[in-house]
Amino acid sequence: MEKKNSALFSDLAAIVGEENVSESIYERIAYALDPMPYDLEENNIPAVVVKPSSTREVSEIMKYANKNKIPVYVHGSATEFNGASRPKRKGSIILSTSRLNFFEIKEDFMFFECGAGVRCIDAINILEKRGYMLPLNPGSKAVATMGGLASINTIGHMVDAHVGKPVDHIMGVEVVLPTGEIIETGTKSLRRPAGIDLTRFFVGTEGLFGIITKIRMRLIKDPAKVYVVAFFKEPEDVARAFVDMYRKKAPIPLYGEFLDESAARLGFEMVGLEPPKGSVALATATGRTIEDARKNAEALCEVFREGNAIETFIVEDKERQTKFWGARDYILHVVAEKRGQWTAIEVAPALPYLPEALHYLKHEAPKTLKVLKDREVYVYGHLGACSIHGLWIIPREWSNEKKKEACREAFRVEREMNIKFEGCGGELGQMAGRIQFIKEKYGEVAYSLLLKLKKTFDPNNILNPGNLEGEGV
């Protein structure tokens, strides 16, 4: 029979209250899972789930865990693809940020502040009502948390060259160190610090050095938007069109997305659109006014036409636009629902190699596969930002070990392609599944620096241990 009300439970309950600590086997497993297709190993089931409501409570939990050498894994919504959220040490604590959910707009300062547990979709909706834009749009925005997105430094389905990364807009963060100390970084000034800025030790470092509890982000006016759709016979034509967009100095869109024909068919069917006429490109043109945005949209249409688009047009009807964008935004979930479990990768080639990399992923990489050799690869992504996703369906009836081998095989393709095409990736949560890539791409000296930094911030290696060591997958 499962042990209840352990000493660990009682000690944490004294910090956050009994109702915010759970030893339920169901909750412990649920909070330890992520999109990876294989089951949780029994040895890695966490001992307890704790839900603090304040930075002070997080601090007390970390002081307790550090003193008693108990591993702590931070849980936002666990939507990253590479196993980072899964516990890798026995007897661990899962620290959920779900109750860190305050949100405040301070227009006099031109920033907003929010807790790490605020859902991305809620932040988007709150800001849009006030005429502002959140420069984050992941496919998982309905559940992804602001703390998780900041920790990975991902903008999701947006074009880096247009909007930048979250760290470009995050003015500062409040952080609890692994040893329990609380620090605040950055500034309340619209001019961010030059030189050393501690914010960058936490935004984008995936919870290796501290737990982000509060985020301060600059307010950005919501621009006028006009939406463009284009169909292409071959997916490589879409890639060449986005390369030409940069070469021809066309207006860079806020959103530059892509679905190959097989992925588009599933997405279009889900939203009630007619079957696609080949591979699909979607672009969101912006401007200060709707007239400016339309002019930029027409320029993108011209680039697509010159790039051999079968058809390209501005979407005038709001309902139809929502369907096109929904087909792309939720394609991963559509594939999973219709086909089963999956594993996915991200390749971010240098601009000149974008068409070649797309061709390689669809036609050459499958020849190198063994476990996944007979599985179709669905290809989609953010071609406007030179980012490509490949997704393979994993049959539910496969053994745990075969599913793990499939994931390792997919990550090998990702690693080899990012090295071959001079890219990096990282939008999906980098460390847990990509340590070998980091070593090959940047070298052992660079990797050793990360280990030394980790030791400085986390001398007892209790915060998300195993991720920097490449454990798990």
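The model is predicted: local features need pLDDT of at least 70, side-chain atom pairs count only at pLDDT 80 or more, and totals for chains, interfaces and linings use all residues. Residues are numbered from 1 along each chain as its sequence is written, and side-chain values use heavy atoms, with hydrogens and water left out. Helices (H or I, at least four residues) and strands (E, at least two) are DSSP runs, numbered from the N terminus.

**How helix pairs are described**

- Two packed helices are described by the angle between their axes and the distance between the axes.
- Axes are lines fitted to C-alpha atoms, for helices over the stretch in contact, and angles run from 0 to 180 degrees between N-to-C directions.
- Angles under 35 degrees count as roughly parallel, over 145 as roughly antiparallel, 65 to 115 as roughly perpendicular and the rest as oblique.
- A crossing is left-handed if the near helix is turned anticlockwise from the far one by less than a right angle, and right-handed if clockwise.
- Contact means heavy atoms within 4.5 Å.
- Ala, Val, Leu, Ile, Met, Phe, Trp, Tyr, Cys and Pro count as nonpolar, Asp, Glu, Lys and Arg as charged, and the others, Gly among them, as polar.

**Helices H1 and H3**

- Helix H1 spans residues 7–16 and helix H3 spans residues 55–68; their axes come within 9 Å and cross at roughly 150°.
- H1 is therefore roughly antiparallel to H3.
- The crossing of H1 past H3 is right-handed.
- On the H1 side, Ala7, Leu8, Asp11, Leu12, Ile15 and Val16 make the contact; on the H3 side, their partners are Arg56, Glu57, Glu60, Ile61 and Tyr64.
- Sorted by class, this contact of H1 with H3 has seven nonpolar, no polar and four charged residues.

**Helices H7 and H9**

- The axes of helix H7 (residues 235–247) and helix H9 (residues 290–306) come within 9 Å, crossing at roughly 130°.
- That angle makes H7 oblique to H9.
- H7 passes H9 in a right-handed crossing.
- Ala241, Phe242, Asp244 and Met245 of H7 meet Leu300, Val303 and Phe304 of H9.
- The classes here are six nonpolar, no polar and one charged residues.

**Helices H8 and H10**

- Helix H8 (residues 261–271) packs on helix H10 (residues 318–329) at an angle of about 135°, and their axes are 8 Å apart.
- H8 and H10 are therefore oblique to each other.
- Their crossing is right-handed.
- H8 contributes Gly267, Phe268, Met270 and Val271, which meet Lys323, Phe324, Gly326 and Ala327 in H10.
- The contact of H8 with H10 has five nonpolar, two polar and one charged residues.

- Ser96 sits in strand S4, residues 93–96.
- Ser96 counts as buried at 1% relative accessibility; buried means under 20% relative accessible area, exposed over 50%, partly exposed in between (1.4 Å probe, protein chains only).
- Leaving out residues up to four places away in sequence, Ser96 touches Tyr31, Val50, Lys51, Pro52 and His75.
- From C-alpha to C-alpha, Ser96 and Leu127 are 24 Å apart in space, and they are 31 residues apart in sequence.
- Thr97 lies in the loop between S4 and strand S5 (103–106).
- Thr97 is buried too, with a relative accessible area of 3%.
- Not counting residues up to four places away in sequence, Thr97 touches Val74, His75, Gly76, Ala116 and Gly117.

**Arg86**

- Arg86 is placed in the loop between strand S3 (72–75) and S4.
- Arg86 is buried, at a relative accessible area of 5%.
- A polar atom of the Arg86 side chain lies 3.1 Å from the backbone oxygen of Met36.
- Apart from residues up to four places away in sequence, Arg86 touches several residues, including Asp34, Met36, Tyr38 and Tyr73.

**Positive phi values**

- Most residues other than glycine have a negative phi.
- Lys69, in the loop between H3 and S3, has a positive phi near 55°.
- Met110, in the loop between S5 and strand S6 (111–115), has a positive phi near 65°.
- Met110 counts as partly exposed, at 29% relative accessibility.

Definitions and conventions: Polar contact = N/O pair within 3.5 Å; in protein donor to acceptor, adjacent residues only side chain to side chain.
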